[in-house]
Amino acid sequence: MATVPSNIQSSYHTRSNSFPSRPHPLTSEVDEHLSRLASSESASTSSSLNEKLGRLQDLHDCIEKLLQLPFTQQSLSKEQQRACVDELLNGSLGLLDVCAVAKDALLQVNKSTVELQSVLRRKRGATEGFSNEVRKYLTSKKAAKKAILKALKNLKQKENKQSTASTETGSVVSLLREVQAVTVNVLQSLLAFTFGPEKESQMRLWSLVSKLLHKKRVNSEGQEQMNEIEIADASLQSLATSRSDMKQIEKVQNELKLSESCIQDFEEGLEGLFRRMIKVRVNILNTLNH
């Protein structure tokens with residue numbers, strides 16, 4: 001399970017009674033999205049992760065509509081809420097940075113994946129020198145992962161510096177904190193799915209190769225399955241370090257196509273999320289400027 005920044009996490013279940021006595025339908029809809037995202041299992045397949053990204057987009061759509069309601073704007077514009085709202089804006093800026101870095105990272109990885117497919121086609125079955133191409137690809141992924149981890153670290157540091165003097169926050173603020181916490185969780189799930197655990201050793205990569213070589217046995221024993229990106233990476237490592245025939249090369253090419261498609265879907269999901277996060281931020285700023 002991904003670790004949520006402490007200041008965001010502390011807002012869970014701390015809402016006061018600033019919402020109207022009879023909750024607006026949008027509030028119930030937001031709660032439902034939050035509940036589903038919080039209770040859903042960690043994404044183990046690309047389809048489940050895409051579903052999470054889609055649900056997160058829906059959540060931000062609801063939040064944008066909620067921020068346009070008079071009682072929501074009145075709650076956020078209260079003077080005693082200003083410090084908490086400023087912290088929310090700082091958090092949203094950090095999340096936008098993480099999302100932007102993740103988008104760029106996925107774009108770079110997808111570009112490298114396409115280049116590898118092109119190299120395999122040009123070599124027409126010959127894999128001499130291919131290990132250098134794989135090394136460049138893995139180095140590119142490592143650099144992309146490092147950039148995302150740095151953005152996440154900056155976000156966490158920003159949250160740790162925020163003031164926690166007031167625990168009596170309005171339910172609008174608490175709700176927005178929960179949205180930020182869930183967003184962090186999904187982004188961390190995306191990072192782990194695409195680039196592996198935060199601390200990854202060379203031994204894990206060889207473990208993936210070993211799993212790939214014994215895939216049928218692993219499946220029959222019901223052990224943890226490899227995702228599309230892990231399969232492609234392990235196959236590339238195997239191809240680069242052993243003699244291969246055309247059948248194996250074609251298999252790797254097909255796995256690279258699946259990995260490319262998977263990453264492309266994540267890119268589109270992050271782009272949609274990024275646009276919605278900007279809209280939410282603009283709505284909060286407009287409320288404060290009225």
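Me: Before we start, what should I know about the numbering and the model?
Reply: Residues are numbered from 1 along each chain as its sequence is written, and side-chain values use heavy atoms, leaving out hydrogens and water. This is a predicted model, where local features need pLDDT of at least 70, side-chain atom pairs count only at pLDDT 80 or more, and totals for chains, interfaces and linings use all residues.

Me: How many helices and strands does the protein have?
Reply: Helices (H or I, at least four residues) and strands (E, at least two) are DSSP runs, numbered from the N terminus. Here you get 11 helices and 0 strands. Reading from the N terminus, the elements run α-α-α-α-α-α-α-α-α-α-α.

Me: What share of the residues is buried?
Reply: Buried means under 20% relative accessible area, exposed means over 50%, and partly exposed is in between (1.4 Å probe, protein chains only). In this protein, buried residues make up 48% of the 290 residues.

Me: And what do the contacts in the protein say about residues apart in sequence?
Reply: Contact means heavy atoms within 4.5 Å. Take the contacts between residues at least 6 apart in sequence: 84% of them join residues at least 24 apart.

Me: Now for helix pairs. At what angle do the axes of α7 and α11 cross?
Reply: Axes are lines fitted to C-alpha atoms, for helices over the stretch in contact, and angles run from 0 to 180 degrees between N-to-C directions. Helix α7 (residues 171-195) and helix α11 (residues 246-289) have axes that come within 13 Å and cross at roughly 160 degrees. Angles under 35 degrees count as roughly parallel, over 145 as roughly antiparallel, 65 to 115 as roughly perpendicular and the rest as oblique. So α7 and α11 are roughly antiparallel to each other.

Me: Which residues of α7 and α11 make the contact?
Reply: From α7 come Leu 176, Thr 183, Leu 187, Leu 190, Phe 193 and Thr 194, and from α11 come Cys 262, Phe 266, Leu 270, Leu 273, Met 277 and Ile 284. To sort them by class, Ala, Val, Leu, Ile, Met, Phe, Trp, Tyr, Cys and Pro count as nonpolar, Asp, Glu, Lys and Arg as charged, and the others, Gly among them, as polar. This contact of α7 with α11 has 10 nonpolar, 2 polar and no charged residues.

Me: How many aromatic pairs does the structure hold?
Reply: Rings of Phe, Tyr and Trp (its six-membered ring) pair if their centres lie within 6.5 Å; planes under 30 degrees apart count as stacked, over 60 as edge-to-face and the rest as tilted. The structure holds 1 aromatic pair. The ring centres of Phe 193 and Phe 266 are 5.6 Å apart with their planes at 85 degrees, so the pair is edge-to-face. It links distant parts of the chain, with Phe 193 in helix α7 and Phe 266 in helix α11, 73 residues apart.

Me: What is Leu 190 in contact with?
Reply: Leu 190 sits in helix α7 and is buried, at 4% relative accessible area. Leaving aside neighbours within four places in sequence, Leu 190 is in contact with Leu 49, Leu 106, Phe 266 and Leu 270.

Me: How does α2 pack with α3?
Reply: α2 and helix α3 (residues 46-66) pack at about 155 degrees, with their axes 9 Å apart. That makes α2 roughly antiparallel to α3. The residues of this contact of α2 with α3 divide into 9 nonpolar, 2 polar and 6 charged.

Me: Which residue of that contact could I look at, say Leu 26 in α2?
Reply: Leu 26 lies in helix α2 and counts as buried at 13% relative accessibility. Leu 26 and Leu 66 are 40 residues apart in sequence and 6.3 Å apart in space, C-alpha to C-alpha. Setting aside neighbours within four places in sequence, Leu 26 is in contact with Cys 62, Lys 65, Leu 66 and Leu 69.
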